[in-house]
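Hi everyone, thanks for coming. I'd like to walk you through one model today, so please have the sequence and the structure open as we go.

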Amino acid sequence: EKWNHYVGEKTDPKVGDFAKTIDDFLGPGTVKDVSQKFPARFGYGEGDFDIVLQKINIEIKTGGGKSATSQSIKNKGQSLLNNKNYIFVSLDKKFKGSVEKDLRKNGIEVFKIIDKSGAIDMKEANRLFEYIKKFNK
C-alpha cells in the first residue's frame with residue numbers, strides 16, 4: 001500500500017487499520033490515499049479526508065462525535081467539488097445518536113460499525129462494503 005506512510009501510529013492508527021480492511025475486502029488499490037489534505041475553496045475550509053477512494057471520501061471517527069457535523073459539512077462540500085460521495089464511519093460505541101441525526105439531516109450517510117457493546121456490527125459493516133461497491137465505480 002503506497003499510502004501507508006501517511007498513517008503513523010501516532011496520527012491515527014484506526015484510519016490505517018480501516019483502510020487496510022477496505023483493501024482486504026474489496027481488493028488492493030481500492031484505497032487511493034489516506035489523510036489527504038485539501039485547501040480551503042469556495043467557502044469550505046481546509047482539512048483532510050481520512051480515506052480516499054476513487055469516487056468516495058470517508059470520514060473515520062472515534063469518540064462521541066463532538067464537532068463532527070461542522071467538519072462533515074465542510075468535507076462533504078469539498079468532496080462534491082471533486083465530484084465524489086462523502087460518507088461518515090463511526091468506530092466507537094460512544095458515538096452519540098444526536099450527532100448521527102444531525103449528520104443525516106445534512107444528507108450525510110452514516111455507518112456505525114461498532115455497536116453499543118463495543119462489538120463489530122457485521123450487518124452495518126456489510127452495508128458499508130455494499131455501498132462502496134455500488135458507488136465507487
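**Salt bridges, cores and rings**

Let's start with Arg127, which makes a salt bridge to Glu124, with 3.0 Å between the closest N and O atoms. Before I go further, please keep in mind that this is a predicted model. Both Arg127 and Glu124 sit in helix H4, three residues apart, or about one turn of the helix. Is Glu124 buried or exposed? Glu124 is buried, at a relative accessible area of 14%, while Arg127 is partly exposed at 31%.

Arg127 has another partner too: Glu109, with the closest N and O atoms 2.8 Å apart. Here Arg127 comes from helix H4 and Glu109 from strand S5 (residues 109–112), so this pair ties together parts that are 18 residues apart in sequence. Glu109 counts as partly exposed, at 25% relative accessibility. If you follow the shared partners, salt bridges join Glu100, Arg104, Glu109, Lys112, Glu124 and Arg127 into one network.

How many salt bridges does a search of the whole structure find? The search gives nine. One more to look at is Asp102 with Lys105, at 3.7 Å from N to O. These two are three residues apart in helix H3 (residues 97–105), so about one helical turn separates them. Asp102 is partly exposed, with a relative accessible area of 31%, and Lys105 is exposed at 67%.

Asp102 also brings us to helix H2. Thr69, which has its place in helix H2 (residues 68–81), is in contact with Val99, Asp102, Leu103 and Asn106, leaving aside neighbours within four places in sequence. Thr69 is buried, with a relative accessible area of 15%, because buried here means under 20%. Now stay in helix H2 and find Leu80. Leu80 counts as exposed, at 54% relative accessibility, because the cut-off for exposed is over 50%. From Leu80 to Ile56 is 24 residues in sequence and 9.8 Å in space, C-alpha to C-alpha.

Now for the inside. The largest nonpolar core has 22 residues, and Phe18, Ile22, Ile51, Ile58 and Val89 touch the most other members. Which elements each supply at least two residues of this core? They are helix H1 (13–26), strands S1 (31–38), S2 (47–53), S3 (56–61) and S4 (85–90), and helix H4 (122–135). Helix H4 gives the most, with five residues.

Zoom in on Ile22 for a moment. Not counting residues up to four places away in sequence, Ile22 touches Gly27, Thr30, Val31, Ile51, Leu53, Ile58, Phe129 and Ile132. There is also a second, separate core of eight residues, which includes Ala68, Phe88, Val99 and Val110. As background, nonpolar side chains tend to be buried together in soluble globular proteins.

Last stop: the aromatic rings. Searching the whole structure turns up five aromatic pairs. Among them, Phe38 and Phe49 form a tilted pair, 4.5 Å centre to centre with 40 degrees between the planes. Why does this pair tie together parts that are 11 residues apart in sequence? Because Phe38 lies in strand S1 and Phe49 in strand S2. Phe38 counts as buried at 9% relative accessibility, and Phe49 counts as buried at 3%. Finally, look for Phe111, Tyr131 and Phe135, which form one aromatic cluster.

That's my tour, and I'm happy to take questions.

Terms used:
Residues numbered from 1 in each chain as written. Predicted model: local features only at pLDDT ≥ 70, side-chain atom pairs only at ≥ 80, totals over all residues. Heavy atoms only, no water. Helix = DSSP H or I, 4+ residues; strand = E, 2+ residues; numbered from the N terminus. Buried < 20%, exposed > 50% of the residue type's maximum accessible area, 1.4 Å probe, protein only. Contact = heavy atoms within 4.5 Å. Core = buried A, V, L, I, M, F, W, Y, C linked by side-chain atoms within 4.5 Å. Phe/Tyr/Trp six-rings, centres within 6.5 Å; stacked < 30°, edge-to-face > 60°. Salt bridge = Lys/Arg side-chain N within 4 Å of Asp/Glu carboxyl O.
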